[in-house]
Amino acid sequence: MKFSTKAIHAGQQPDPTTGAVMTPVYLTSTYVQEEIGKHKGYVYSRVANPTRTALEHNIAALENGKHGIAFGSGMAAVDTIFRLLKPCDHVIISHNVYGGTYRLAKQVLEDFRLQFDFIDTTNIKLVEQTIRQETRMIFVETPTNPTMEITDLAAISKLTKRNRLISVCDNTFATPYLQQPLSYGIDIVIHSLTKYLNGHSDMLGGLIVTSDNKIAERLRFIQKSVGAILSPFDAWLCLRGIKTLPVRMEQHSKNALQVARWLTRQRKVKRVFYPGLPIHPQHKLAKRQMDDFGGMIAFDLGSFSNAKKILKHIKLCALAESLGGVETLISHPATMTHASVPREQRQKIGITDGLVRLSVGLEDVNDIISDLLQSFKKI
Ligand SMILES: Cc1ncc(COP(=O)(O)O)c(C=O)c1O
């Protein structure tokens, strides 16, 4: 089956009891058993629920993976991946990851003696040099949130295989429609479902995909033990959203490229971060590794006061956290998504006080550009 067909059908058969074409929301915590040990595969909804199972099979199919495991948020999924490790284990991680991932590592997991090196994973030589005896995992986000750095997934996979490490890719920004990390040999893919996969800004969720049976078994065991599961209703919302993922991602990418090109022509914009622009430092790699460049753009207005002015006067674009919905969202990473990253570290990785992030939605692109233009006039 091709991608668009899988997006609509994978993991979903008509309901065997009623024939309902759409997977029902199974609002049940428990399941009747015929006799001790005899049941239909479901015993308790922390362990498994049919609506959640449909979503897990669906996204596993989209990523060309064997196992999908759905969580109550993207961060719950990230946390579960790190629970594969033991105290003193060392993780190499992209320096430009989502601020919540940075906060989890530095302010929660380091207390449990996990060790993290946040480095520039676009530099494969540096990644190799950072591997030490205790290293167990390389965790990359590509493109990164918010400066759109691209890491070479095939190179990371080669390196992890040679050193017997686990490779992880946060594929939230690209989605499986634009990039399939397992096909480059990455062991684990993680998503915040909250973003493009659901696509309508009305639920939170996370999902892990892997084809490694042992890793999947351990992750399921941790999930069952800890309980950070996705609710049946949220799984249903996300299943509904995914049916239009291909058409949404096509249009997000089209609109974003047009907005990014327009931004490069604005005198008030010092720098534009979009992998679809030839001026992007990893444009060639992005072209090779991704099928298109997605809907996320960051741009630098040179100062906090300029950023503040445009964010105050923006009308159509909503000033809000999050991304990946049908509506255009605009945000200020330094004070919002990445506020928990210390200022010095933020400066080092390009999250300046003048940086603004745009999640380009599916409105008419001329309306998005007009809104930006009227706000730029206030600077
Ligand atoms: C790239 C990336 N990964 C993970 C997360 C965390 O996901 P959630 O907000 O669903 O917990 C986010 C949230 O913004 C994100 O942008």
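**Close-up views of a predicted model**

**View 1. Residues around the ligand.** The shell around the ligand has 14 residues, and Ser73, Gly74, Tyr98, Ser192 and Thr194 come nearest. A residue is near a molecule or strand if its C-beta atom, placed from the backbone, lies within 6 Å of it. By class, this shell has 8 polar, 4 nonpolar and 2 charged residues. Here Ala, Val, Leu, Ile, Met, Phe, Trp, Tyr, Cys and Pro count as nonpolar, Asp, Glu, Lys and Arg as charged, and the others, Gly among them, as polar. This is a predicted model: local features need pLDDT of at least 70, side-chain atom pairs count only at pLDDT 80 or more, and totals for chains, interfaces and linings use all residues. Residues are numbered from 1 along each chain as its sequence is written.

**View 2. Confidence along the protein.** The protein averages a pLDDT of 97, and 100% of the residues score at least 70. pLDDT is the predictor's confidence in each residue, from 0 to 100. Helices (H or I, at least four residues) and strands (E, at least two) are DSSP runs, numbered from the N terminus.

**View 3. An open sheet of 5 strands.** The strand order is β8-β9-β12-β11-β10, with mixed pairing. β8 (271-273) and β10 (318-319) stand at the edges with a single partner strand each, so one side of each is left without a neighbour in the sheet. Two strands pair if DSSP finds at least two bridges between them. β10 and β11 (residues 329-331) run parallel, joined by 2 bridges. In this pair, Ala318 stands opposite Leu329 of β11.

**View 4. Strand β12 and its partners.** β9 and β12 run antiparallel, with 5 bridges. Met296 stands opposite Ser359 in β12. β11 and β12 also run antiparallel, and 3 bridges join them. Here Ser331 stands opposite Arg357 in β12. On one side of β12, Leu355, Arg357 and Ser359 are buried; on the other, Val356 and Leu358 are buried. A residue is buried if 20 or more other C-beta atoms lie within 10 Å of its own, exposed if 12 or fewer, and partly exposed in between, with C-beta atoms placed from the backbone.

**View 5. Strand β5 inside the structure.** 5 of the 5 residues of β5 (residues 166-170) are buried, so the strand is largely enclosed by the rest of the structure. Ile166, Val168 and Asp170 point one way, and Ser167 and Cys169 the other. Strand β4 (residues 135-141) runs parallel to β5, with 5 bridges between them. Met137 of this pair stands opposite Ile166 in β5.

**View 6. Ile131 in its loop.** Ile131 sits between α5 (124-130) and β4. Ile131 is partly exposed, with 17 other C-beta atoms within 10 Å. The C-alpha atoms of Ile131 and Ile92 are separated by 7.5 Å, although the residues are 39 apart along the chain.

View 7. The peptide bond from Thr142 to Pro143 is cis, with omega near -5°. Another cis peptide bond joins Asn145 and Pro146, with omega about 10°. Pro146 lies in the loop between β4 and α6. Cys88 is not a glycine, yet its phi is positive, about 80°. Cys88 is exposed, with 11 other C-beta atoms within 10 Å. Arg164, in the loop between α6 and β5, has a positive phi near 50°.
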